[in-house]
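User: I'd like to learn how to read pockets, helices and loops from a model like this one. Can we go through it together?

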Amino acid sequence: MLDRTPTPTIVPRGRALFWEGEQQNQKIEIIEGVVRAVRLLPDGNRQILAFYWPGDVVMPTQQACQEFTAEAVTDCRVIRTTVARVCHQGEPCGTHQVLSETLSLVLTMSQRTCVARIAWLLLRIQPHLREDPKRPKALRLQLSRADIADHVGTSIETVCRALADFKTKELIDLPSRKTIRFINQNGLMKVASARSQR
């Protein structure tokens, strides 16, 4: 059975909602903020597998232990609902969620250039970004350059150079470090479709 009266809780930016290898039997609905699914690599670096946005639900995994760490990218408001058991076959599952995202990411990384992957991610997250009330037609870019780099498999320097290039080509504008304005989406889509040379 599910809890009937879940109460929203605040998760501060940078805090883990749960850790990889941890046992937890809660589904977590994101009301406000952004959450990233992270796996630590053997060399100590991290791979961001997926992002969760308001309205998304992070489900427990079929296994007894979590397969990734869920971290708050921003201050988040979430509803945690305890489930009687971890999900079983046929039910939505956290493993299935992140696997779907990871497969999409792997295909993108294997077939596109670094710059194309960055453009692809910007277009993918655009529907989730909220307007900045202080800057007309600008959206709050809630992901850091490091988050973008660790998701698409490149360096922060490459992300910064790509964003500067997109701005020079008038595909986007960057009114501030934490805001973005999409100027030429068709042009950005062309960049996003650039294939790697084999």
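User: Which residues lie nearest the centre of the largest pocket, and how many residues line it?

Analyst: A pocket here is found on a 1 Å grid over the protein atoms alone: an open set of points where a 1.4 Å probe fits, with protein on both sides within 12 Å along at least five of seven lines, and lining residues have an atom within 4 Å of a point. In this case 22 residues line the largest pocket, and V73, T74, L141, Q142 and K178 lie nearest its centre. Before we go on: this is a predicted model, where local features need pLDDT of at least 70 and side-chain atom pairs count only at pLDDT 80 or more, while totals for chains, interfaces and linings use all residues. Residues are numbered from 1 along each chain as its sequence is written, and side-chain values use heavy atoms, with hydrogens and water left out.

User: What volume does the largest pocket have, and what classes of residue make up its lining?

Analyst: A volume is the space filled by probe spheres set on the grid points, which are joined across faces, edges and corners. For the largest pocket that comes to about 620 Å³. As for classes, Ala, Val, Leu, Ile, Met, Phe, Trp, Tyr, Cys and Pro count as nonpolar, Asp, Glu, Lys and Arg as charged, and the others, Gly among them, as polar. The lining has 10 charged residues, plus six nonpolar and six polar ones.

User: And what lines the second largest pocket?

Analyst: Its lining is A50, F51, Y52, W53, D56, E101, L121, R124, I125, H128 and H151. Strand 5 (46–52) and helix 2 are the elements giving two or more residues to that lining; helices (H or I, at least four residues) and strands (E, at least two) are DSSP runs, numbered from the N terminus. The volume is about 160 Å³, and the lining splits into six nonpolar, two polar and three charged residues.

User: Why does the length of helix 2 make sense?

Analyst: The expected span of a helix is 1.5 Å times one less than its number of residues. Helix 2 (residues 114–125) has 12 residues and should therefore span 16 Å, and its end C-alpha atoms are 17 Å apart, which agrees.

User: How many residues of helix 2 are buried?

Analyst: Buried means under 20% relative accessible area, exposed over 50%, and partly exposed in between (1.4 Å probe, protein chains only). In helix 2, nine of the 12 residues are buried, among them W120, L121 and I125. L121 and I125 also turn up in the lining of the second largest pocket.

User: How many residues of helix 3 are buried?

Analyst: Six of the eight residues in helix 3 (residues 145–152) are buried, including I148 and H151. Just after this helix, G153 takes a positive phi of about 75°.

User: Where does L143 sit, and is it buried or exposed?

Analyst: L143 is in the loop between strand 9 (139–140) and helix 3. With a relative accessible area of 2%, L143 is buried. Taking contact as heavy atoms within 4.5 Å, L143 touches V34, F51, W53, V73, I125 and I148, not counting residues up to four places away in sequence.

User: What about G21: where is it?

Analyst: G21 is in the loop between strand 2 (16–18) and strand 3 (26–32). G21 is partly exposed, at 44% relative accessible area. Its C-alpha atom is 6.3 Å from that of E67, 46 residues apart along the chain.
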